[in-house]
Amino acid sequence: MWLLNTADYSLTSVLYPERYAILSHTWGDGEVTFDDIKNLDSASRKAGWDKIAQTCRLAAAQGFEYAWVDTCCIDKSSSAELSEAINSMFKWYRNATVCYAYLSDLDPTPIGLDGAESTPMGLDDAESPKPGEKRLERDLPQCAWFTRGWTLQELIGPRNLEFYDCGWTMRGTKVSLGKLLSAITTIPIWILLNQAPLHRCCVGRRMSWAANRKTTRIEDLAYCLLGLFDVNMPMIYGEGENAFRRLQEAVAMATNDMSLFAWSDPSLHSTVSFHGIFATSPALFAQCEGLVNSFSPSHYDLRAFSITNRGVKF
């Protein structure tokens with residue numbers, strides 16, 4: 001795992017880092033890459049440099065020697081390293097001591113208004129929200145960060161997640177904004193706050209969290225969900241929608257949760273066509289957000305199924 005030294009921005013390979021900060025953000029033009037960071041003079045002139053500098057500044061101020069930023073800490077010229085990084089991403093965010101979520105389209109709180117961090121929004125309704133909190137409740141759901149595929153695991157994984165606006169002012173944490181974050185994403189607050197393991201939510205429900213999210217590459221709609229289902233698979237860019245089928249096959253090999261097949265495609269009712277048993281996109285799980293697990297031992301064995309060379313065998 002490549003980490004940035006927060007003092008001089010140099011890259012250091014650390015096999016099992018104990019303490020580090022990590023950045024969550026949406027990509028834009030002029031991001032600093034793995035090769036760019038080796039030349040700080042040219043890297044500092046790119047549009048994405050400020051995110052790296054601010055991340056290292058925050059991390060250093062909080063006593064961290066290392067920080068991780070996905071744009072420049074993965075050597076994407078190495079297919080093996082890229083595959084390892086994608087398969088390890090959820091674990092890296094989960095193991096980070098702190099995660100900074102930078103929301104580039106969240107305007108700063110106007111002078112004179114208290115930000116959301118002033119009171120734990122959603123956890124104590126005894127007091128009326130302050131003006132700054134009302135503004136945050138209005139603006140936060142509009143942020144692009146909540147529409148991207150990769151940021152889903154970056155929301156769920158970290159135990160300590162801090163949210164920053166475009167001026168790098170902290171507006172709240174995953175704890176203080178818990179109720180609002182749950183309302184925006186439909187993810188139960190007890191999952192967001194890491195109070196229960198992910199498997200307490202059935203497969204279909206976890207798929208639904210990604211139903212309205214997008215990725216630049218079609219394959220990444222599958223790859224960004226690996227950590228949510230604790231599965232691994234090789235990266236094959238160019239395979240298109242087949243990546244999401246492979247993800248479902250990997251999930252089917254790891255669980256007998258029948259909600260994997262609870263997806264629905266309205267277009268199938270208006271056309272005469274055939275469709276395989278697996279969904280073509282997380283969007284088809286949109287109606288599964290209310291599904292719950294059945295933990296009845298008497299039903300468990302009856303739900304067994306397996307993948308064969310002819311398809312799914314029940």
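A nonpolar core is a set of buried Ala, Val, Leu, Ile, Met, Phe, Trp, Tyr and Cys residues joined through side-chain atoms within 4.5 Å, where buried means under 20% relative accessible area, exposed over 50% and partly exposed in between (1.4 Å probe, protein chains only).

**Ground rules.** I am working with a predicted model, in which local features need pLDDT of at least 70, side-chain atom pairs count only at pLDDT 80 or more, and totals for chains, interfaces and linings use all residues. Residues are numbered from 1 along each chain as its sequence is written, and side-chain values use heavy atoms, with hydrogens and water left out.

**Core.** I looked up the largest nonpolar core and found 88 residues, of which Trp68, Leu140, Leu225 and Leu247 touch the most other members. Helix H3 (residues 79–95) gives the most to this core, with seven residues. Helices (H or I, at least four residues) and strands (E, at least two) are DSSP runs, numbered from the N terminus. I then checked leucine 225: leaving aside neighbours within four places in sequence, its contacts (heavy atoms within 4.5 Å) are Leu152, Met207, Ala210, Phe244, Leu247 and Pro282.

**Helix H2.** Glycine 63 follows H2 with a positive phi, near 90°.

**Positive phi elsewhere.** Most residues other than glycine have a negative phi, so I listed some exceptions.
- Threonine 186, after helix H6, has a positive phi near 70°.
- Asparagine 194 has a positive phi of about 60° and sits in the loop between helix H7 (189–192) and helix H8 (203–208). Asparagine 194 counts as partly exposed because its relative accessibility is 25%.
- Aspartate 230 has a positive phi near 55° and lies in the loop between helix H10 (226–229) and helix H11 (242–254). Aspartate 230 counts as exposed because its relative accessibility is 70%.

**Helix H6.** In H6 (residues 178–185), I found Gly178, Leu180, Leu181, Ser182 and Thr185 buried.
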